[in-house]
Amino acid sequence: MKQIIIVLMAIAGFSCSSNDTGTSTNAENVIVARFLTDISSLVDNSEKGKNPIPTFIEEAKQTSDNWHLLTKENINDLLVKAKKYSHCVITTGDHTIVKITALENCQQSASWGACIPFAEGYVKKDNLVHQANYMNYIIGKPDAQERIIFLFK
């Protein structure tokens with residue numbers, strides 16, 4: 001009887017400790033990690049007609065080291081701050097996502113009032129359409145749309 005109680009306590013202790021590790025068996029935070037290493041994974045892991053960008057945004061808000069709303073007024077400061085991070089991703093609404101590929105490769109934008117870096121990402125139309133250009137051509141001109149910059153170490 002004593003041995004059965006010890007075995008049951010060991011099993012209970014193991015199951016509790018495995019939940020405390022923060023490791024999850026579901027697909028939690030998978031989209032962000034894969035996108036940071038290979039942007040094409042966004043397309044590879046999305047079903048036709050489905051939009052993975054809102055999922056990326058929610059995961060990135062939890063896992064990024066820093067994130068801010070991006071505006072014309074703060075873009076210069078945030079691009080300087082981005083130099084201290086390994087990865088910088090910007091979303092526009094739930095339809096556009098880009099990863100800056102070269103902060104030092106930038107082009108002056110009159111509408112943003114900043115030197116805008118080269119980026120690669122996707123715009124959601126019927127499907128995700130690949131884009132590679134200076135970021136302002138992908139995320140559009142400053143307007144009322146919500147743009148978020150996510151910074152990852």
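Tutor: A polar contact here is a pair of N or O atoms within 3.5 Å. Keep in mind that this is a predicted model.

Student: Which backbone nitrogen does the side chain of Ser109 reach?

Tutor: That of Trp112, at 3.2 Å.

Student: And where is Ser109 found?

Tutor: Ser109 sits in strand S3, which covers residues 96-109.

Student: Is Ser109 buried or exposed?

Tutor: Buried, because its relative accessible area is 3% and the cut-off for buried is under 20%.

Student: What does Ser109 touch, not counting residues up to four places away in sequence?

Tutor: Ala114, Ile116 and Asn136.

Student: Switching to cysteines. How many disulfides does a search of the whole structure find?

Tutor: One. Cys106 and Cys115 are joined, with an S to S distance of 2.0 Å.

Student: What is the handedness of that link between Cys106 and Cys115?

Tutor: The Cys106 and Cys115 link is right-handed, with 90° about the S-S bond.

Student: How accessible are Cys106 and Cys115?

Tutor: Cys106 is partly exposed at 30% relative accessible area. Cys115 is also partly exposed, at 30%.

Student: What about Cys88, buried or exposed?

Tutor: Cys88 counts as buried, at 4% relative accessibility.

Student: New topic. How many salt bridges does the structure hold?

Tutor: One. The side chains of Asp143 and Arg147 form a salt bridge, 2.9 Å from N to O.

Student: Why does Arg147 count as buried?

Tutor: Because its relative accessibility is 2%, and buried means under 20%. Its partner Asp143 counts as partly exposed, at 46% relative accessibility.

How values were computed:
Residues are numbered from 1 along each chain as its sequence is written. This is a predicted model: local features need pLDDT of at least 70, side-chain atom pairs count only at pLDDT 80 or more; totals for chains, interfaces and linings use all residues. Side-chain values use heavy atoms; hydrogens and water are left out. Helices (H or I, at least four residues) and strands (E, at least two) are DSSP runs, numbered from the N terminus. Buried means under 20% relative accessible area, exposed over 50%, partly exposed in between (1.4 Å probe, protein chains only). A polar contact is a pair of N or O atoms within 3.5 Å; within protein, one must be able to donate a hydrogen and the other to accept it, and residues adjacent in sequence count only if both atoms are side-chain atoms. Contact means heavy atoms within 4.5 Å. A salt bridge is a side-chain nitrogen of Lys or Arg within 4 Å of a carboxyl oxygen of Asp or Glu. A disulfide is a pair of cysteine sulfur atoms within 2.5 Å.
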